[in-house]
Every structure is written in structure tokens, then in C-alpha cells.
Amino acid sequence: MSIAGFFGSVFWVVDLTASFRPQQAVVLVVLGTIALLGDKRVALVVIAVGLLNAAVVAPYVIGSTADIAGDARIEVMTFNVGVSNPNRSDVAVYIAEEDPDVVFIFESSFEWEASFRASDIPLQIVSIVPRGRIAGVTVLARASLRPAAVEVLLGGEASAVTVDLGDRRIDVLGIHPPSPTTAERSQRRDAMIVAAGEWIRSRSGEVLVVGDLNATPWSHAVRTLRRSGGLVDTMRGVGLQPSWPEGWGMLAIPIDHVLHTDGLASEDRRTGPSIGSAHRPVIVTIGFS
């Protein structure tokens with residue numbers, strides 16, 4: 001299972017196994033150590049594969065990224081709230097208390113947007129769910145950042161805005177590709193992520209990418225996005241921060257992401273409470289590197 005996960009681009013099912021590399025690392029090393037009491041050759045193979053998984057995960061635990069230079073910085077939040085989540089007012093209160101500068105709400109709806117308008121959130125709605133869709137992306141941003149919507153057509157749930165960061169503008173792209181529960185949905189997810197990479201390369205400035213990618217950092221889809229877009233994962237070096245599914249404890253995995261181009265840097269990355277959603281929000285401070 002661990003070895004097959006490296007070939008996720010060949011078959012969508014084995015790509016799912018790569019999502020659980022941290023868990024596989026722990027289980028295989030423990031079982032291999034126990035197996036040393038028996039056939040040592042088998043035990044060493046099991047331990048070696050466990051350590052291979054650990055090596056893939058290690059940069060997220062002991063790695064590092066560039067520091068933010070200067071005082072220009074914004075706090076960004078990405079949150080898949082769940083379109084049927086009834087706790088809309090509680091989510092609005094949480095966002096107001098957290099007081100980020102830019103918020104991407106996924107699986108939003110007209111009802112969610114009405115809750116935001118009726119709340120005390122000190123942010124303006126920059127992008128709304130397209131009319132005719134049950135769910136989509138709502139983007140909130142601080143007016144002082146001069147936010148403006150940017151056209152983005154990736155064949156799925158996506159939105160983009162441009163905001164001030166110091167004396168320069170940056171693009172923030174939010175995407176929510178389909179969950180890879182079938183071969184067809186997996187192909188659609190991968191196609192949308194490839195299109196996102198192309199969109200990033202078409203931009204002239206720095207780009208921030210946020211969203212529920214329905215893939216972990218170790219899946220071929222996210223590896224492809226990082227490579228094609230020249231992106232840095234803000235989770236690198238800060239420890240594993242699983243965001244889904246809420247309530248799964250040690251089996252939860254990080255599928256909600258904040259990534260950025262090389263000219264940016266991040267600090268204080270963390271997850272927040274789920275407030276009735278299956279996802280935890282991800283909050284991170286962004287500035288120039």
C-alpha cells in the first residue's frame with residue numbers, strides 16, 4: 001500500500017492510500033519492531049517501508065520556510081463550512097472574533113452569505129456564489145486591502161481576488177475540486193488542479209492558493225500543483241495539522257491548504273474549531289519573503 005501510493009497518477013485508488021502516510025509510518029515502524037522477535041528479514045523490510053513514509057512526511061515536521069520580511073502582512077483563512085451546516089451564526093461570530101483580513105468560505109450558499117451580511121464581521125463580501133448553484137465560494141476581505149474579484153475559469157468551484165499587501169498587489173486563488181470518490185471525480189479533481197497551476201503561471205505577480213483540495217500534501221495531485229505552480233506549502237515545518245474529518249482523531253488528514261509562490265512567506269499557521277463542519281479552518285499570516 002505504501003509503495004503503491006507513489007504511483008497515484010496511474011490509478012486513482014492507490015493515490016488515496018498516500019493520504020495516510022503519517023499513520024502508515026507509525027504503524028509499520030511499530031509492527032516491524034515487534035516483528036524483530038520473529039523473522040528479522042521481514043521485520044527489516046516492514047521497518048524500512050515505515051521509514052520511507054516517515055521520510056516523505058518529515059519536511060512537514062522538521063522542515064522550514066522563508067521568514068516574512070518587513071511589516072506588510074495579512075491573515076488569511078480558508079474554511080469549508082459545509083453547505084448543510086446549521087451553525088451559520090456561530091461561524092460568523094468565530095470569524096469576527098478571529099478577525100482575519102481575507103476569508104475564503106467553501107461550500108457556501110445564499111443562506112451563508114445572508115448570515116455574513118447580518119453579522120458583525122468587519123469584512124466586505126467580494127465574491128459570491130454564482131446564481132443557479134447550490135453551493136460555491138464566498139470571499140470576504142477587509143476594505144482597506146482594496147479587494148477586487150478576478151475572473152477565474154477552472155471548470156469547478158473556484159474564485160480569485162486581488163488585494164493589497166503593503167505597496168504591492170497579490171492574487172489569492174481559492175479552489176475546491178471534487179472529492180476523488182470515483183475514477184471520474186478523481187479525473188475532474190486532477191484536471192482542475194492542473195488548470196489551477198496554469199492559471200498561477202499566467203499571473204505576473206505573487207499568488208496565494210487556498211482551499212479544500214480534497215488531497216493531502218503527499219498525493220500526486222498536490223505534488224503536481226506545487227511543482228507546476230512553483231508553490232511552497234505553509235504547513236512545511238510547522239507540524240502536521242489535519243483538517244478533515246472532524247472527530248477522526250489520529251486518522252484525520254490535512255486536505256485544506258494554503259500555498260504560495262516563492263516571493264511570499266508565512267507565519268503562525270494553525271487550524272481552528274470545526275463549528276459543525278466536517279472541516280477545520282486553516283488560518284495563516286502571509287507576507288513577502
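Where does P245 lie? P245 is in the loop between β9 (231-233) and β10 (256-261). Here are my notes on the rest.

1. **Ground rules.** This is a predicted model, where local features need pLDDT of at least 70 and side-chain atom pairs count only at pLDDT 80 or more, while totals for chains, interfaces and linings use all residues. Residues are numbered from 1 along each chain as its sequence is written, and side-chain values use heavy atoms, with hydrogens and water left out. The helix and strand labels are DSSP runs numbered from the N terminus (helices are H or I, at least four residues; strands are E, at least two).

2. **Two backbone spots to look at.** Then check D268, which sits in strand β11 (residues 264-271). D268 isn't a glycine, yet its phi is positive, near 55°.

3. **α2 and α3.** Helix α2 (residues 21-35) packs on helix α3 (residues 40-57) at an angle of about 155°, with the axes 7 Å apart. That angle makes the two helices roughly antiparallel. For reference, axes are lines fitted to C-alpha atoms, for helices over the stretch in contact, and angles run from 0 to 180 degrees between N-to-C directions. Under 35 degrees counts as roughly parallel, over 145 as roughly antiparallel, 65 to 115 as roughly perpendicular, and the rest as oblique. The α2 and α3 crossing is left-handed (the near helix is turned anticlockwise from the far one by less than a right angle; clockwise would be right-handed). Residues in contact (heavy atoms within 4.5 Å) include L28 and V29 of α2 and V46 and I47 of α3. By class, this contact has 13 nonpolar, 5 polar and 1 charged residues. Ala, Val, Leu, Ile, Met, Phe, Trp, Tyr, Cys and Pro count as nonpolar, Asp, Glu, Lys and Arg as charged, and the others, Gly among them, as polar.

4. **α5 and α6.** The axes of α5 (residues 88-98) and α6 (residues 110-117) come within 9 Å and cross at roughly 50°, so this pair is oblique. Their crossing is right-handed. R88, V91, A92 and I95 of α5 touch E111, W112, S115 and F116 of α6. Sorted by class, that gives 5 nonpolar, 1 polar and 2 charged.

5. **α7 and α8.** For α7 (residues 183-202) and α8 (residues 220-229), the axes come within 8 Å and cross at roughly 15°, which means they run roughly parallel. α7 passes α8 in a right-handed crossing. Among the residues making the contact are I193 and I200 of α7, and A221 and L225 of α8.

6. **The largest pocket.** Its volume is about 330 Å³. A pocket here is an open set of points on a 1 Å grid over the protein atoms alone, where a 1.4 Å probe fits, with protein on both sides within 12 Å along at least five of seven lines; lining residues have an atom within 4 Å of a point. The volume is the space filled by probe spheres set on the points, which are joined across faces, edges and corners. Of the 20 lining residues, Q23, P242, G249, M250 and A252 are the closest to the pocket's centre. The lining divides into 14 nonpolar, 4 polar and 2 charged residues.
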